[in-house]
Amino acid sequence: MIYRVEATVRVPVRDTEVTDRVKDAVGNLFPNVELETRDGEVIGTTHSLDHFSELLHRQEILDTARNEFFARQSGQYFSFSLKKQAAFQSVVNFAVGEESELGEIDVEVRVDDPGVEAYIDHIAPPTEDGRPVTDDR
């Protein structure tokens, strides 16, 4: 199935950080993202979360991801925040609670086709006993 999505990534760049390193951290999770720097933040878009999905599968955090995605789903959008420090190590770590001192990687995903729930099922399928029950990848 072909998915029509656009993910917008926004990351603050603190005075103590090197912008290229922040871009590298984002690229570790979203290698196809097209990034630019403006007004103290890195902003980018991508049309694929396939690598991100692979990381979710590899780290075995599909249930956590689904909970985050559905908790912040509205209409054709869902969003989530990730810890920047973990992204430097190519690790997905959802940011919950208080914002970290480095700031977070904020991601908003618009799903045009086939729909938000189907796309979430694609990148983070439901599990049973820790194993994906439907995995159309």
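Two strands pair if DSSP finds at least two bridges between them. Helices (H or I, at least four residues) and strands (E, at least two) are DSSP runs, numbered from the N terminus. This is a predicted model, in which local features need pLDDT of at least 70 and side-chain atom pairs count only at pLDDT 80 or more, while totals for chains, interfaces and linings use all residues. Residues are numbered from 1 along each chain as its sequence is written, and side-chain values use heavy atoms, without hydrogens and water.

**Strands around β5**

β4 and β5 form a hairpin. Two residues lie between them, and Gly75 in the turn has a positive phi of about 60°. β4 covers residues 73-74, and two bridges join it to β5. The two strands run antiparallel. Gln73 stands opposite Phe78 in β5.

β5 also pairs with β6. Seven bridges join these strands, again antiparallel. Leu82 has Ile105 in β6 as its bridge partner. β5 is mostly covered, with five of its seven residues buried. Buried means under 20% relative accessible area, exposed over 50%, and partly exposed in between (1.4 Å probe, protein chains only).

**The core**

The largest nonpolar core has 37 residues. Such a core is a set of buried Ala, Val, Leu, Ile, Met, Phe, Trp, Tyr and Cys residues joined through side-chain atoms within 4.5 Å. Phe30, Phe52 and Phe69 touch the most other members. Elements that each supply at least two residues include β1 (4-12), α1 (19-29) and β5 (77-83).

Phe30 contacts Val9, Leu49, Phe52, Phe80, Leu82 and Val107, leaving aside residues up to four places away in sequence. Contact means heavy atoms within 4.5 Å.

**Aromatic pairs**

The structure holds eight aromatic pairs. One of them joins Phe52 and Phe80, which are stacked at 5.3 Å centre to centre, with 15° between the planes. Rings of Phe, Tyr and Trp (its six-membered ring) pair if their centres lie within 6.5 Å; planes under 30 degrees apart count as stacked, over 60 as edge-to-face and the rest as tilted. Phe52 sits in helix α2 and Phe80 in strand β5, 28 residues apart. Phe52 counts as buried because its relative accessibility is 0%. Ring pairs also link Phe30, Phe52, Phe69, Phe78, Phe80 and Phe94 into a cluster.

**Loops**

The peptide bond from Asp113 to Pro114 is cis, with omega near 15°. Pro114 is in the loop between β6 and α5.
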